[in-house]
Amino acid sequence: MFKPTNYQLENVGTGRIFSDEGWTLADPESPSPSLVRAVYEHRQFNPREELKGLYRYADWMPIQRTLRHSHAPVTYKSKGLAKMLGMENLYITFSGYWPKIGAKMETCSFKETEAYSVCARLPRKNKRVLVVQSAGNTARAFARVCSDNNIPIVICIPQDNIHDLWFLSPLKNCVKVIATPKGTDYYDAIALGDKLCKNPRYLAEGGAKNIARRDGMGTTVLSAAEVIGRIPDAYFQAVGSGTGAIAAWENAMRLAEDGRYGKNAMRIYACQNSPFTIMYDSWKADSRELLPLTPQESRRNAEVILAKVLSNRKPPYSLAGGLYDALKATGGDMFKINNDEIVYWMLQFFQSEDVDIFPASAAAVASLAKALEEGKVQKDETVMLNITGGGMLNATRKGFTLKEPDLVLSPELSAEEIIMAVDKLF
């Protein structure tokens with residue numbers, strides 16, 4: 001029987017240590033917006049060889065149990081892409097479906113890491129319905145994990161992104177998908193889910209505020225540290241909310257506290273897909289606060305970009321412990337990548353590494369190339385490239401099934417109307 005992980009919570013802004021009430025997302029005593037972090041009983045990084053898949057990292061995950069069918073990210077030293085870029089120590093952490101290297105995430109996305117961690121934070125006898133808002137990959141990951149483990153869930157997603165809900169096998173009835181109408185964006189899906197959660201029957205997953213989400217995503221850095229034997233000098237990832245980059249920073253700090261993997265601050269390099277560059281623009285303006293972006297501009301920009309998952313209008317950038325702090329603390333930077341660059345690097349990665357990757361992953365590759373060109377990263381440094389999704393050609397070669405929305409609801413509806421409509425699905 002799995003023993004729940006022992007940990008406390010820390011308010012990043014104030015340093016206050018307090019207990020988790022089971023699904024605490026924020027410090028109720030915080031004087032200003034701040035993320036909370038898990039402070040684990042085990043301060044040293046010790047993978048659990050007796051546990052399968054992602055749960056080998058259970059000592060640094062705030063979980064009550066383990067679930068079926070999880071897989072961990074796979075890190076390997078690049079040859080093809082490294083040669084193309086002239087790099088000596090490029091390590092790729094791949095989250096997707098590539099059996100050749102042992103990567104077996106059937107949703108082809110590192111969002112599986114957060115889904116297996118978040119859902120394992122739920123108590124075994126949970127009676128509430130989990131609510132997750134998504135721009136695409138998160139929806140696919142949570143749907144698959146909840147279906148495989150009989151966890152009731154409502155997933156809110158823009159109808160324009162519904163093509164991301166492909167699966168290798170049909171979902172169970174415990175998974176319900178609610179779409180916002182065509183022309184809406186991720187923020188509209190967030191608004192819809194927030195109204196639904198006004199009913200206590202429904203449990204807000206919490207996004208970046210959920211320590212389980214971040215510490216699940218942070219397993220990418222643990223995978224890299226295991227293979228490399230040290231904390232990387234630099235880390236590259238494309239970001240929509242920035243949660244994965246924040247998670248990488250947090251686990252790099254845990255590894256530094258351990259001491260056996262070095263004590264360097266892993267520089268965080270994040271990128272966005274132009275023209276949806278709200279965090280890039282704010283960072284380049286040296287502004288902790290996000291620059292203004294109207295709903296109309298957001299929706300228009302989200303329609304244009306190839307990497308649809310990189311389109312969060314209200315990301316966790318400004319609050320204590322958010323992406324702004326991660327970039328400042330590590331001496332990192334941000335890049336903006338256009339659609340043409342994404343297509344180019346999707347092709348180059350396929351040719352050099354022999355696997356297909358998603359547009360967001362290609363944006364991260366493009367940002368690494370730019371960092372090298374601009375001298376921000378040296379060719380002999382140890383670099384971790386987080387390929388957050390790929391292998392779809394491998395995974396879907398025998399076909400797939402699409403999940404149509406169970407309901408299409410406007411976020412402009414009242415909470416009562418939304419709750420009444422969704423209640424009828426269960």
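How far is the sulfur of Cys-174 from the closest cysteine sulfur, and in which residue does that closest sulfur lie? In this predicted model, the sulfur of Cys-174 is separated by 6.7 Å from its closest cysteine counterpart, which belongs to Cys-146, and this distance is too far for a bond. The structure as a whole holds 0 disulfides.

Cys-119, buried with a relative accessible area of 0%, is one of the residues of helix H2, which spans residues 111-121 and is mostly covered, with 11 of its 11 residues buried. Among these buried positions are the charged residues Lys-111, Glu-112, Glu-114 and Arg-121, together with Tyr-116 and Val-118. The elements that cover the buried residues of H2 include strands E1 (7-11) and E8 (129-133), as well as helices H3, H5 (211-217) and H6 (219-228).

Helix H3, comprising residues 137-148, contains Arg-140, a residue that is buried yet has no salt bridge. The nearest side chain of opposite charge, that of Asp-164, lies 4.4 Å away, whereas a salt bridge is counted only within 4 Å. A polar atom of the Arg-140 side chain does, however, lie 2.8 Å from the backbone oxygen of Thr-107. Leaving aside residues up to four places away in sequence, Arg-140 touches Thr-107, Ser-109, Asp-164, Leu-165, Trp-166, Phe-167 and Phe-358.

Methods:
Residues are numbered from 1 along each chain as its sequence is written. This is a predicted model: local features need pLDDT of at least 70, side-chain atom pairs count only at pLDDT 80 or more; totals for chains, interfaces and linings use all residues. Side-chain values use heavy atoms; hydrogens and water are left out. Helices (H or I, at least four residues) and strands (E, at least two) are DSSP runs, numbered from the N terminus. Buried means under 20% relative accessible area, exposed over 50%, partly exposed in between (1.4 Å probe, protein chains only). A polar contact is a pair of N or O atoms within 3.5 Å; within protein, one must be able to donate a hydrogen and the other to accept it, and residues adjacent in sequence count only if both atoms are side-chain atoms. Contact means heavy atoms within 4.5 Å. A disulfide is a pair of cysteine sulfur atoms within 2.5 Å.
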